[in-house]
Protein chains: 2
Amino acid sequence: MRMVDLIEKKRDGVPLTEQEIRWLIHRYVAREVPDYQMAAFLMAVYFRGMTEGEMEAFTAAMAESGDKVDLSAVPGIKVDKHSSGGVGDTVTLILVPLMGAAGYVMAKLSGRALGHTGGTIDKFEAIPGVRTDLSPGEIIDQAKRIGVVIAEHTEDIAPADKLLYELRDVTGTVPSLPLIVGSILSKKLAGGADLIVLDVKCGDGAFMRTLPEAKELAEALVRVGNKLGKRFSALVTAMDQPLGWMAGNALEVKQAISVLRGEGPPDLEEITLALGAELLLLSGEESDEGKARDKLKRLVDSGAAWKKFVELVAAQGGDVRAVEEPELLPHAEEVQEVWAPRSGYVRKLSARKIGLAAGLLGAGREVKGQTVDPAAGVELLAKVGDRVEREQPLARLHVGRRELVEEAKRLVTEAFEIGTDFPLQGDLILARIR
Amino acid sequence: MRMVDLIEKKRDGVPLTEQEIRWLIHRYVAREVPDYQMAAFLMAVYFRGMTEGEMEAFTAAMAESGDKVDLSAVPGIKVDKHSSGGVGDTVTLILVPLMGAAGYVMAKLSGRALGHTGGTIDKFEAIPGVRTDLSPGEIIDQAKRIGVVIAEHTEDIAPADKLLYELRDVTGTVPSLPLIVGSILSKKLAGGADLIVLDVKCGDGAFMRTLPEAKELAEALVRVGNKLGKRFSALVTAMDQPLGWMAGNALEVKQAISVLRGEGPPDLEEITLALGAELLLLSGEESDEGKARDKLKRLVDSGAAWKKFVELVAAQGGDVRAVEEPELLPHAEEVQEVWAPRSGYVRKLSARKIGLAAGLLGAGREVKGQTVDPAAGVELLAKVGDRVEREQPLARLHVGRRELVEEAKRLVTEAFEIGTDFPLQGDLILARIR
């Protein structure tokens with residue numbers, strides 16, 4: 001088999017066989033197929049797409065390109081969740097203890113901040129003392145002991161995805177449905193869970209800007225994922241404005257604590273309950289979505305989810321006091337306000353710009369390996385539908401890196417669209433794909 | 001400027017600016033843009049094409065990526081020729097001395113055998129003693145002295161083309177019109193000639209299989225070439241069966257000698273005169289194609305072209321006796337015949353298969369840098385339209401490398417399509433683009 005023949009086949013719109021796809025992923029991970037041939041192949045995939053069979057083979061080959069998480073020694077039903085990335089999306093920090101409180105095993109592998117979106121690992125590490133670089137043995141032990149884990153994704157799981165993602169990032173081949181499907185699913189298939197819920201974001205702050213695009217992706221993910229031996233369902237959720245009031249690491253920990261204590265904000269609670277309810281439906285524990293939500297809501301109201309969160313923080317070396325008294329979490333020395341330039345209703349609030357601003361203030365990374373400031377970020381004081389008066393504060397900037405504060409201010413000001421008419425507001429959950 | 005932005009622009013069908021194209025060629029030749037990004041860009045060009053302006057900028061940037069041949073110190077009108085590559089196409093060895101005899105300066109830079117097509121440098125070097133690795137100074141001196149030169153293309157002329165061609169070859173991006181235009185024209189523009197005729201081959205043995213494709217390429221070449229300051233014209237010529245009777249290095253030298261002595265074969269003579277006539281029209285020396293051909297034909301008949309050939313061979317160190325008595329040229333120790341499997345008319349004769357067979361026998365290279373056998377090749381004994389009887393010899397195989405002789409035999413047998421009806425025969429010159 002020669003890589004150039006496979007490139008030409010794809011270029012000419014001829015589907016590759018399962019064997020050919022396995023060969024090319026295997027040889028690429030072994031560094032025998034060079035990056036320049038893979039780059040040409042990826043661009044041909046961008047233009048030609050993949051058949052259903054190709055997507056399955058591609059995803060399976062990527063999932064099998066490295067180690068798999070083996071949770072078979074842990075009793076119980078293992079669940080997992082993936083989000084395509086949003087702003088203020090601290091759902092994982094809430095859903096993991098909630099599912100733990102519901103009696104499920106959830107050993108979540110997560111990543112760090114990327115572009116304008118935050119990363120669960122950076123957020124969790126904003127709690128003083130928390131360790132996320134757990135070994136496979138530590139993950140299994142903790143899952144056995146308390147049912148829940150949040151650990152950093154290692155490079156041994158689906159290494160093909162890491163290599164391909166880095167190449168796609170610099171070759172203009174990120175926005176390709178089959179490549180996105182392979183990337184998302186390979187990591188979930190190599191993970192230890194049986195039931196997985198996916199949150200496909202849609203809108204200004206998401207990778208998929210339109211509902212048809214987001215639905216197409218969600219449908220492909222569920223279809224291909226189910227075909228490959230695990231059970232998937234997906235929600236398409238709105239990501240036009242940020243979730244909750246916070247974008248930043250410690251700020252989002254505070255926000256998660258608030259939801260876990262039953263104090264909202266409602267959008268974050270709604271998405272978390274909806275995703276959790278899907279897992280209860282997948283497991284067969286409930287057959288009615290409303291009942292599944294109510295059951296989970298009761299676990300919040302009873303304090304069971306909060307208790308599990310404290311247990312999780314403690315198990316990973318975190319300072320429990322800092323979550324019980326969130327004012328002990330890292331906080332910025334300097335806070336600046338952004339004021340409304342005019343009176344009116346907040347008609348739009350760009351999640352993307354808020355995310356970028358939070359990143360500039362220190363919550364994100366401009367280059368890989370940069371340290372994030374746990375205290376930095378944007379705290380919103382108004383959201384879509386709110387009435388604001390001229391010079392009223394719209395947001396507080398928690399300043400980590402000082403040098404880009406003016407640019408962050410400009411972005412936050414631009415993020416708010418203020419007009420005279422009350423805005424139409426859409427649903428938060430846009431579609432359910434089962 | 002970031003390469004990934006240019007890739008995405010091309011991917012999305014947005015034309016690049018001249019500045020962007022110059023930047024990417026410049027940075028690529030400087031090895032600052034990595035192969036994997038260029039490969040993705042080339043595949044995006046394959047799918048999106050280039051506008052006229054992009055093709056001009058791309059070609060100009062490639063032409064300017066290295067040294068230029070400077071023939072300004074040589075008096076006279078400088079002409080050049082390019083062929084897109086065929087089988088039995090020994091036109092250069094005839095046209096160069098013919099144009100020299102007509103009083104033009106023709107310092108032709110050529111390449112070596114590639115794939116199923118031969119290379120002028122390998123052919124010329126089949127004459128014992130001939131040197132083709134001439135320095136720029138030697139080329140100028142010889143052009144001043146006798147008007148004609150055949151030298152090997154150096155890597156300093158249009159290095160972007162060499163780098164890009166090697167990358168295209170392994171990334172499935174060879175068959176892209178704008179990339180072909182850039183590759184062909186950049187070398188001609190960096191050459192020292194003012195008037196250039198192009199021979200775009202069309203058919204089974206050519207890169208362009210159909211007439212519309214070949215015409216589209218020829219038109220683009222002439223249009224873009226003329227725009228960039230030199231004068232071009234192009235012929236589209238048939239390459240279904242080989243030109244003449246020979247495919248192989250010394251064999252084609254013999255064939256060229258035969259044409260230069262006025263002894264045909266007629267197809268090779270016709271193409272050579274037609275290409276030469278285009279140059280006389282481009283220079284303004286003649287305004288009528290027929291008269292231009294007649295003038296050149298008289299230079300063959302008078303022996304002037306032959307005399308110039310002998311002068312050329314001598315100037316580059318070749319053994320003049322070996323061209324005056326061609327039986328002194330290298331010849332194979334072993335000759336095998338291929339017989340007709342049935343009686344009938346030769347209806348088709350695949351140039352591609354004959355070219356591949358000649359290559360296997362030793363006339364070509366399977367890998368870069370391999371030595372060719374000057375004596376090896378295929379001598380045809382029948383061509384399209386000829387009546388053959390069962391077990392009559394169709395071809396003689398001049399064996400260089402013994403190990404592949406059976407495969408070569410099979411290819412030559414397959415190359416002949418023999419049937420009961422006399423075949424329709426098309427024109428040799430399919431189109432003229434001026």
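Zero salt bridges are counted between chain B and chain A; a salt bridge is a side-chain nitrogen of Lys or Arg within 4 Å of a carboxyl oxygen of Asp or Glu. The model is predicted, so local features need pLDDT of at least 70 and side-chain atom pairs count only at pLDDT 80 or more, while totals for chains, interfaces and linings use all residues. Residues are numbered from 1 along each chain as its sequence is written, chains are lettered from A and ligands numbered from 1 in the order in which they are written, and side-chain values use heavy atoms, with hydrogens and water left out.

Polar contacts do link the two chains. Six residue pairs are in polar contact, both residues at pLDDT 80 or more. A polar contact is a pair of N or O atoms within 3.5 Å; within protein, one must be able to donate a hydrogen and the other to accept it, and residues adjacent in sequence count only if both atoms are side-chain atoms. Three helices of chain B, H1 (3-11), H3 (35-48) and H8 (159-171), each supply at least two residues of the side that touches chain A. Helices are DSSP runs (H or I, at least four residues), numbered from the N terminus. H3(B) gives the most to this side, with ten residues.

In total, 22 residues of chain B are in contact (heavy atoms within 4.5 Å) with 22 residues of chain A. The chains bury about 1700 Å² between them, 73% of it on carbon and sulfur atoms. Buried area is the accessible area (1.4 Å probe) that two parts lose on being put together, summed over both. In chain B, the residues losing the most area to chain A are B:Arg11, B:Tyr36 and B:Phe47, together 36% of what that side buries.

Chain B can be laid on chain A by a turn of 180° and a shift of 0.0 Å along the axis, with an RMSD of 0.0 Å. That is the relation of a two-fold axis. Copies are superposed by least squares on the C-alpha atoms of residues with pLDDT of at least 70 in both. Of the residues of chain B, B:Tyr36 comes closest to the rotation axis, at 1.8 Å (C-alpha).

A:Gln316 lies in the loop between helices H14 (304-315) and H15 (320-324) of chain A.
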